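Subject: Structure handover

Hi,

Here is the structure I promised to pass on. Please open it first, then read my notes below with the model on screen.

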Amino acid sequence: MKSKWYSHLKESEEVEEFKQRIKLATPVLERLTKILDEKLTTANANSTDQYEQAAWAYKQADLNGYNRAINDVLKYLEDK
């Protein structure tokens with residue numbers, strides 16, 4: 001589990017309690033992971049259509065940022 005999940009807590013008891021809450025939320029977090037994976041797949045599947053537009057570079061930069069943000073969230077969901 002990434003320490004960022006509980007880095008806001010100071011007491012070891014609070015950390016352990018929070019870790020337990022994360023474990024209990026596993027079904028919800030797994031569903032969120034699937035939703036985000038689907039969003040990545042969908043966004044990237046449509047990206048080649050942009051090259052016909054004059055502003056394709058801006059749209060590609062936006063897509064790259066979108067993908068990076070989703071991947072950042074997915075990193076925290078990997079090792080719940």
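Start with E17 and R21. Their side chains meet in a salt bridge, at 2.8 Å from N to O. Keep in mind that this is a predicted model.

Why can such a pair form? Side chains of opposite charge can pair when their charged atoms come close. Now look at the spacing. E17 and R21 are 4 residues apart in helix α1, so about one helical turn separates them. How open are the two ends? E17 has a relative accessible area of 45%, so E17 is partly exposed. R21 has 52%, and the cut-off for exposed is over 50%. R21 therefore counts as exposed.

**The other salt bridges**

How many salt bridges does a search of the whole structure find? The count is 3.

Stay in helix α1, which covers residues 12–24. Here K19 and E16 join their side chains in a salt bridge, with 3.8 Å from N to O. They sit 3 residues apart, which means about one helical turn lies between them. K19 has a relative accessibility of 22%, so K19 is partly exposed. E16 is partly exposed too, because its relative accessibility is 48%.

Now move to helix α3. D72 and K75 form a salt bridge through their side chains, at 3.9 Å from N to O. Both residues lie in helix α3, 3 residues apart, or about one turn of the helix. D72 is partly exposed, given its relative accessible area of 36%. K75 is partly exposed as well, at 44% relative accessibility.

**How two helices pack**

Next, a pair of helices. Two packed helices are described by the angle between their axes and the distance between the axes. Helix α2 runs over residues 26–45, and helix α3 over residues 56–78. The two pack at an angle of about 160°, and their axes are 10 Å apart. Angles over 145 degrees count as roughly antiparallel. So α2 and α3 are roughly antiparallel to each other. The crossing of α2 past α3 is left-handed.

Which residues make the contact? On the α2 side they are L29, L32, T33, L36, D37, K39, L40, A43 and N44. On the α3 side they are L63, Y66, N67, I70, N71, V73, L74 and L77. Sorted by class, the contact has 11 nonpolar, 4 polar and 2 charged residues.

Take N67, which has its place in helix α3. Is N67 buried or exposed? The cut-off for buried is under 20%. N67 has 13% relative accessibility, so N67 counts as buried. What does N67 touch, leaving aside its neighbours within four places in sequence? The contacts are L40, A43 and N44.

Not counting residues up to four places away in sequence, Q60 touches Q50 and Y51.

**Where to begin**

Best wishes

Notes. Residues numbered from 1 in each chain as written. Predicted model: local features only at pLDDT ≥ 70, side-chain atom pairs only at ≥ 80, totals over all residues. Heavy atoms only, no water. Axes fitted to C-alpha atoms, helices over the stretch in contact; angles between N-to-C directions. Parallel < 35°, antiparallel > 145°, perpendicular 65-115°, else oblique. Left-handed = near helix turned anticlockwise from the far one by under 90°. Contact = heavy atoms within 4.5 Å. Nonpolar A, V, L, I, M, F, W, Y, C, P; charged D, E, K, R; others polar. Buried < 20%, exposed > 50% of the residue type's maximum accessible area, 1.4 Å probe, protein only. Salt bridge = Lys/Arg side-chain N within 4 Å of Asp/Glu carboxyl O.
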